[in-house]
Amino acid sequence: MIASALKTSGLSKSFGSLSVARDIALDLPVGGRYALIGPNGAGKTTLINLMTGMLRPDAGQIVLGGDDITALEPQDRVRKGLARTFQINTLFPGLNALEAVTLAVAERRGVSNQFWRNIAEYRESIDEAYEILAKLRLGDDCYQPTRELPYGRQRLLEIALALATKPKVLLLDEPAAGVPHEESGEIFEVVAGLSDELTLLFIEHDMHVVFRFASHIIVLVGGAIYTEGTPAEIAADPGVREVYLGKRHHG
Amino acid sequence: MLPPVFGVLFDGLAYGMLLFLLSVGLSVTLGLMNFVNLAHCAFAMVGGYVTVLLVNHYGWPFLWTLPLAFLVPAILSVGFERVFYRRFYGKSDLDQVLLTIGIAFVSVAAAAWFFGTTQQPIQTPEVLRGSFHVLGLDIAPYRLFLIAVGGAITLALVGGLEYTRFGAQVRAAVDNQRMASGLGINVERTFAITFAVGSGLAGLGGALAIEIVGLDPNFSFTYLIYVLIVVAVGGLGSIGGSLAAAVLIGVSDIAGKYYVPQLGAFLIYLVMLAILMWRPSGLFGRR
Amino acid sequence: MALVTDAGTEPVRYLKFKTRWHWAETLFWLATLLPFFLFPDYLQLASQIAITALFALSLDLILGYAGIVSLGHAAFFGTAAYAAGIFSKMVWGEPFTGLIVGTAAAALLGYASSFIIARFRHLALIMITLGMGLLLQQAANSAGWLTGGSDGLQGIEIWPLLGHFEFDLWGYTAYAYSLIALFIVFLGVRRLINSPFGLALRGIRENAVRMPAIGAPSRKHIRSIYTLSAAIAGLAGALLAQTTQTVALDALGFQRSADVLIMVVLGGAGRLYGGLIGTIVYMIAHDQFSGIAPQYWYFWIGLLLIAVVMFLPNGILGGLQAATAWLQNRWSKR
């Protein structure tokens, strides 16, 4: 029996009469590669916000590993191993990549409240940060301020920041959003190279990417799970075509 | 015979109407563009000085100066918006605060230069002066006039927002700017017009305030604090919120000074802090 | 390939280099000794500048590093000034204990308000800092029996420092006292800025939303820095009470909060020396033009603010930095 990395049950949220999440139940196994797809406005990012704690649900439960994290603050969920990236770059413009990732590592190691020693003395944190950056091919650019990095490298930095927290479950919100097709390959190679023990859930619109990387697909429509299954099952499902793939085909 | 509390409520309501006129423009533009305009009361001051100039130097009757007290700041604000404010829409809170405080400082100095630093009294029309005795209370017709003007403006604003196309555009832009411009609404033009109306109303408020609280160059800052309190308490982008907050603050201030004078302005700061802590977006605010 | 030497890997050495002590800093601190020799008539002013620079440093910590816009920071400055003054009247005039009392009072107030401050942003935060400052000023005005009300606190007597150095009219003791306090605190703050905590603060300033997403307890960080900033502001306020031996309501007022904000922005927020430079420039200019009526002063300050915010958004230091970068660029292209 494969252990569950992240499980939600009955997760619901509405804003007044607008229901953005309806009774969502999903179960990610450890090491799973799950894709979350659906038309625009289906509530995919909202679901990630609910799971990470940026939004409070009206009802439902979220369980990470064996722990109920429904009531936990966002930073506490990160400490328990749940990390995410943002669809729109949410980086530190004035810090360079090295500083940004070192910060994330320092937070994880619990040394970020130490104010009496120079940052350069925290060699392990800095070296670990550099290692992460190097693995994501950001090593050479790590001394430049984030705001000066090209967009594609910034998307990689998004992932680097999340990886610095040593997550067990990583939620990627459209990791290649806005990146031109030629460069997006690099991002997905990185994603593919991630450890098998890391559980991934990624939101994606590009069906080629989805079919290439995902072992399981969840289709979200109007805030509720329409259907889920293996790529083959989803590709064959006529309802999904109509609701989503069909539109893409003609678009 | 009515107990004095009704007198306090009446005065508080009148004062609240004044605060409403001074604040409503700032609340809507803050809600629309998230632009922290601390020079708002400088426009109010301009309106006041327009009235002073026309009445004292050119002998105009008070009531006739009011439309100009509205128009001059409104037109002035369009100029400022084009030259300065436009460049700061996306910038940080701090940058906006500093720019507008700078403009307010300059306005204070300019007012002192042209009009001197003392308070400027004006002649109000006969019919509005003095007070008459009703049910044991002293009712000043001027305050009645304030309440009437405030009420009329509120109706005009609410009616304009609800029933005109421009009003619908403003409401859409306050609600969701990106969506609104996606729907083809010219958000910048909407903002410029709303800003002008808001500054004009502030100017009107400034002119009406002369009789109640006096006008001197420090008006830009003295009343800025009250206006900010009303806006923060009422919630950004809400006319109803501004009205409710203005009346609440107006009544609290008058009541505080009447019943516990040692506490002075204490009370309204406490009220503001309490409300902001309970509802950080204000009573009727959104974000 | 990262080079590994005794001094650490390349990234480690890079960060060490970035936080090193610069020769210009030594020059700056040596220059602060000049007033003793070159401008002995201005030592009282110099001591006021040192005190205000300390206050500006405290504001820069929350404004330039954590991104908290406060329009009420004088609340801590003034509270400590009154605490130190009242302490000297009711207990004894020993200066160091007075400093501790003042700083502690401000730190306590800072700690209490930090719980509120950390929960808000944008307009609500600005309003709350403003409101708290105004409230405190009103309270001090009303509590005339304690604070002397609008007349100010009278009859403060401070004993000579270390039993020997009297606070004379010339200001030698005052300036030495204030300067040493400023320098010691500055060294501590500099260390903090270059520590992991300093990096966390910059993270909050750069993107407060991202911080929880990397596991950072932002609110806790904000509470810590706010309390520290209040304590330092308090130290400055206590110094003021002791060196001038009076305290007035303006120590708590909006004007003081606004002035110090202008000084920090003028010098360049978030640049460690920005608050110091801004204070020096502002106060010397104010002293030189002090004959002018106040409203005309505010005309020029208003214009200056508008100019700084439009053309020099990172203050004097930011402008210098941009200018040197441009010069270096031209030099390398020649």
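Me: Leaving aside its neighbours within four places in sequence, which residues is A:Val101 in contact with?

Reply: A:Val101 is in contact with A:Ala129, A:Ile132, A:Leu133, A:Ala160, A:Leu161 and A:Ala164. They are called contacts because the C-beta atoms, placed from the backbone, lie within 7 Å. Bear in mind that this is a predicted model, where local features need pLDDT of at least 70 and side-chain atom pairs pLDDT 80 or more, while totals for chains, interfaces and linings use all residues. Residues are numbered from 1 along each chain as its sequence is written, and chains are lettered from A and ligands numbered from 1 in the order in which they are written.

Me: What makes A:Val101 stand out in the largest nonpolar core?

Reply: A:Val101 is among the residues with the most contacts inside that core, together with A:Leu133 and A:Ala160. The core has 284 residues, and its largest share, 16 residues, comes from helix 1 (residues 4-33) of chain B. It counts as a core because its members are buried Ala, Val, Leu, Ile, Met, Phe, Trp, Tyr or Cys joined through C-beta atoms within 7 Å; buried means 20 or more other C-beta atoms within 10 Å. In chain A, 45% of the 251 residues are buried.

Me: What makes strand 4 and strand 5 of chain A a pair?

Reply: Two bridges join strand 4 (residues 59-64) to strand 5, and they count as paired because DSSP must find at least two. In strand 5, A:Asp68 is the bridge partner of A:Val63.

Me: Which elements carry the side of chain A that touches chain C?

Reply: The contact takes 38 residues from chain A and 31 from chain C. On the chain A side, helix 2 (74-79), helix 3 (97-109) and helix 4 (123-135) give two or more residues. Helix 3 makes the largest share, eight residues.

Me: How many helices and strands does chain A have in all, and what box do its C-alpha atoms fill?

Reply: Its secondary structure comes to nine helices and ten strands. The C-alpha atoms fill a box of roughly 60 × 40 × 40 Å, taken along the principal axes.

Conventions. Helices (H or I, at least four residues) and strands (E, at least two) are DSSP runs, numbered from the N terminus. Two residues are in contact if their C-beta atoms, placed from the backbone, lie within 7 Å. A residue is buried if 20 or more other C-beta atoms lie within 10 Å of its own, exposed if 12 or fewer, and partly exposed in between; C-beta atoms are placed from the backbone.
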